Amino acid sequence: EGCCWWGRGVIQTSGVCNFGKLNYYLGAGAKKDGRTSKYPELDFCKDPEVICASSEYKELKWIAGEFYWMESVQSYNEGGWDYTTELRKFVDGGMTGTGFIDGVSGIVNRGCHNPPCGTGALDGGMERAQNFRKVLDALFDGSPPQVGSSPNGLPPGSPADSGPSMGPGPSGKWYPDYNAQWALGKCANEAPIPGGRPSYDTGVECCQKAYASQASGNCLSSLPQIPSAPSGSPPGVGSLGSQVAGLPSQTPPTTRPPVSLTSEAGIIINSEPFIGMQNALDSAKDDIDNKLFLYQTPAFQWIPSSIYRYDDFKDSLYVMATEGVAGKKFYIGDSDVENGHVYGLVNIAAFLAQSMKETIQYDACDENSWDLVGGKYPLSNACGQLGQSYQDYHCSPEEAHMECPVDPNMSITGVTHAKWYGAPGPMFCSPKTNDQPFSGFWDHLYECNKGWANPPESCSDYEGQKAGRYDQSMAYANTAGRTDVEGCCWWGRGVIQTSGVCNFGKLNYYLGAGAKKDGRTSKYPELDFCKDPEVICASSEYKELKWIAGEFYWMESVQSYNEGGWDYTTELRKFVDGGMTGTGFIDGVSGIVNRGCHNPPCGTGALDGGMERAQNFRKVLDALFDGSPPQVGSSPNGLPPGSPADSGPSMGPGPSGKWYPDYNAQWALGKCANEAPIPGGRPSYDTGVECCQKAYGNQASGACSSFISKLPPTFGDTFNNLLPDSSMADAFATSSFTHARQQMKFIAFSCGSISEVSLDAITVDILFDYEVTVPRTVQPGHFLPSLKKQIMNDLALTLGCQVARRRNLRKYSVTKVLLGFHSAEASDVIDGEKGFCSESGKTDGNELRCVPVIGHLAAFIQRNATADAVLATKDAILVSIQDVMARKSNTDLSHSIVYVSERGNGLQHQSNNHSFVEDSDEYHGSPYII
């Protein structure tokens, strides 16, 4: 009641004062007082929603924001920071740096130019600065004109100009950078100093005062490492003697011991592959840190990882390429061929592509708890997820002496965790006690941030926590039935999630205290990976460990892979010699890493994230070779590998006589293709039907079968001659309809006069885009299955269909062409590639978020239907989906649902086809049936 003053317009004008001012100066308030106004007929006090709703005055949503800008930003002059003065300084100084826009962002977001100022840290500072730069580039095309001149007649900002703006370079003062991510904040001393920032004489003083409570320690660790003072320096002057006497000195950067040129390591370091590899990596360092090693924030921003950095990776690669483990080394290329280092760089690219998918995109070193059981996250997920038991992953009999013993008294807590709203805290292990004989769960829906409560309650389980809590009030089992965390200290760690007593044992045996105990040399003799596996993630001294753990796995399981006619090194060389085209090589590698074989599914399931892994691979190759890899050696006929006249194994693009599965990242969308070259290691079949039957035999969506059945728009009057006999219908019936009926999460409807769909029906796969806005306390992946059930039931009512085999539910008829449709609860997926919403209205950044979703269903159509009838039926279904979503824009599960378009067809608003779907107004108010 009375709560009508929420934010509206481009900068969210809110509150009775602001709307009152708009009305007083621009609306009916002025008219009432006899003053002239722009909108005398609009009463912003009686109808503030006119700002967003008016079709006559569409400019109001901008005017509301511009009014705020004139009132609060342009007139800002506090604490020595004057907006107009700072704006002119920025322009006169050559428009460099982020000091000006950071100050403006602070005013808009927190009410002051130098947050935190009582209301909290700046939100989205980096994104605002990037937006500012994009607008400047659009307005000035990268070359702004000169404005005026400085007092000495030179252009403002030129080297000889003695005006107030300093050119880039070191300044005598240090100031906080106010990074949008507190954990990544640091201090800088580059000129010009942003206006209004506090400044300090030393970097250490700046970190101590501006980032005093920073748990990550990023500020101090990012300060320059100054070598120790020479002998004879005053007492107390250490490595930071020139900054602050009496403060603990920082350890200077470690240097590697000299290596003999004749030693094995010396020969490797001075080889062409190592030098070429190192030069290429160093040249791409900035791209690697700022374009490849990125993670996605809860606000769907991609920013540089705080855990995985190039320098640590380089250190790890040096160790594993020169010293290696158990006689194995990280492959860096061949010395007996020109530009042989390119092979090594491709090996690195494959490794990084998997790492970006497995951990870097989550900014995680410790395994995240993600296996949701009954709507909760069991704490015993630390023992293993999806039914696994990490402490039971034993070595083979010949290597059993290497594995770690399970110590029931071990207590360890992880150092990283997921970062979404309410995300589970870090995994931990601990012994059972009389007071706590079991483990409970993480309640991700619990609101722990209650400053208004008496007594006040805050979130304290981990830094940056917004919601959730550990609940140890009852025993709660993981998927495998485990209800305690005793001895469960072997969860995944490092860049490719090393897990299990065998893997940690091998690390210890070859690289750690296990070697020292046996009198063998090792890289880390003082580290016992069996007693403290968390050192991989927690060590600040050996940051390269998180990489080394993954590289050890790579050398053990990927570089040495040779099964089923697919040899890793051979396929890598084929890929390079063939011109680095296609995804066959990286798909095989992804299968090995994700499923243990080069051609999944191989008993462990379909490949997860294949498309994303392949895209990562291409990104790394582009960064390392800048789009133009050097030629490596030559083919047997003397021509460059991959050239048209080269008769090597790589085939140019074009139809092939064989069909093979595309291994789509989304199993439900997988299909078969026959384009050459055939990716290495893929199974191949004589026909597309055979490929679908064998490679996608359990595919509930039927996407593979329906893809094979599609023809260009010029096909004949019927679909009868699409396939020989009824083989396609039979393939679909066995692969989706019959199998999926066994699944409890399968949803099927019939629309004709019979309750069962004929096996010879045509299957039309329908994909569509929509957007869902939900509270930030809700994980979209948790509610999509239930939402899909609601949409499908309403669609059935709209189309006059019924639940299969329950004819009594049928309400009214539709065209005889549509026999039925089906889908599965989990068939709709978040569109991670798109990553943003294009059609939904602005959401409250603190309360709501919008996610783009790809929807799917399969429609069954009579086999003798004409092409026009099939296409019209598909359009009618899409129109009905759009209608369902429009009617149900608010549900108990979501704040809003917005239909965008058919998948791949861009934004389109369908018109209803009344010849196929009868008017169903009587059901427009029907509740969802679950």
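**Figure 1. Cys 672 and Cys 691 are both buried in this predicted model.** A disulfide joins Cys 672 to Cys 691, with a distance of 2.0 Å from S to S. The link of Cys 672 and Cys 691 has -85° about the S-S bond and is left-handed. Distant parts of the chain are linked by this pair: Cys 672 belongs to strand S15 (residues 672-676) and Cys 691 to helix H22 (residues 688-695), 19 residues apart.

**Figure 2. Cys 692 and Cys 704 are joined by a disulfide.** The distance from S to S is 2.0 Å. The torsion about the S-S bond of Cys 692 and Cys 704 is about -80°, so this disulfide is left-handed. The pair links distant parts of the chain, with Cys 692 in helix H22 and Cys 704 in helix H23 (residues 703-709), 12 residues apart. Cys 692 has a relative accessible area of 2% and is buried. Cys 704 also counts as buried, at 1% relative accessibility.

**Figure 3. A disulfide is formed by Cys 187 and Cys 206.** The sulfur atoms of Cys 187 and Cys 206 are 2.0 Å apart. About the S-S bond of Cys 187 and Cys 206 the torsion is about -85°, so the disulfide is left-handed. Cys 187 is in strand S4 (residues 187-191) and Cys 206 in helix H8 (residues 203-210); the pair links distant parts of the chain, 19 residues apart. Cys 187 has 7% relative accessibility and counts as buried, and Cys 206 is buried with a relative accessible area of 0%. The count of disulfides in the model comes to 11.

**Figure 4. Cys 45 and Cys 52 each count as partly exposed.** The relative accessibility of Cys 45 is 37%. For Cys 52 the value is 38%. A residue is called partly exposed when its relative accessible area lies between the 20% limit for buried and the 50% limit for exposed.

**Figure 5. Phe 293 and Trp 547 form a tilted aromatic pair.** The count of aromatic pairs in the model comes to 38. A pair of aromatic rings is described by the distance of the centres and the angle of the planes. For Phe 293 and Trp 547 these are 5.3 Å centre to centre and 35° between the planes. Phe 293 lies in the loop between helix H12 (285-292) and strand S5 (294-296), and Trp 547 in helix H18 (residues 545-558), so the pair ties together parts that are 254 residues apart in sequence. Both Phe 293 and Trp 547 are buried.

**Figure 6. Phe 351 and Trp 547 form a tilted pair of rings.** The ring centres of Phe 351 and Trp 547 are 6.3 Å apart, with the planes at 50°. Phe 351 lies in helix H14 (residues 341-358) and Trp 547 in helix H18, so this pair ties together parts that are 196 residues apart in sequence. Phe 351 counts as buried at 0% relative accessibility. Trp 547 counts as buried, at 0% relative accessibility.

**Figure 7. Arg 493 lies over the face of Trp 491.** The distance from Arg 493 to the ring centre of Trp 491 is 4.1 Å.

**Figure 8. Arg 520 has its charged end over the ring of Tyr 509.** The charged end of Arg 520 is 4.0 Å from the centre of the Tyr 509 ring.

Key
Residues are numbered from 1 along each chain as its sequence is written. This is a predicted model: local features need pLDDT of at least 70, side-chain atom pairs count only at pLDDT 80 or more; totals for chains, interfaces and linings use all residues. Side-chain values use heavy atoms; hydrogens and water are left out. Rings of Phe, Tyr and Trp (its six-membered ring) pair if their centres lie within 6.5 Å; planes under 30 degrees apart count as stacked, over 60 as edge-to-face and the rest as tilted. Helices (H or I, at least four residues) and strands (E, at least two) are DSSP runs, numbered from the N terminus. Buried means under 20% relative accessible area, exposed over 50%, partly exposed in between (1.4 Å probe, protein chains only). A charge sits over a ring if NZ of Lys or CZ of Arg is within 6 Å of the ring centre and within 35 degrees of the ring normal. A disulfide is a pair of cysteine sulfur atoms within 2.5 Å.
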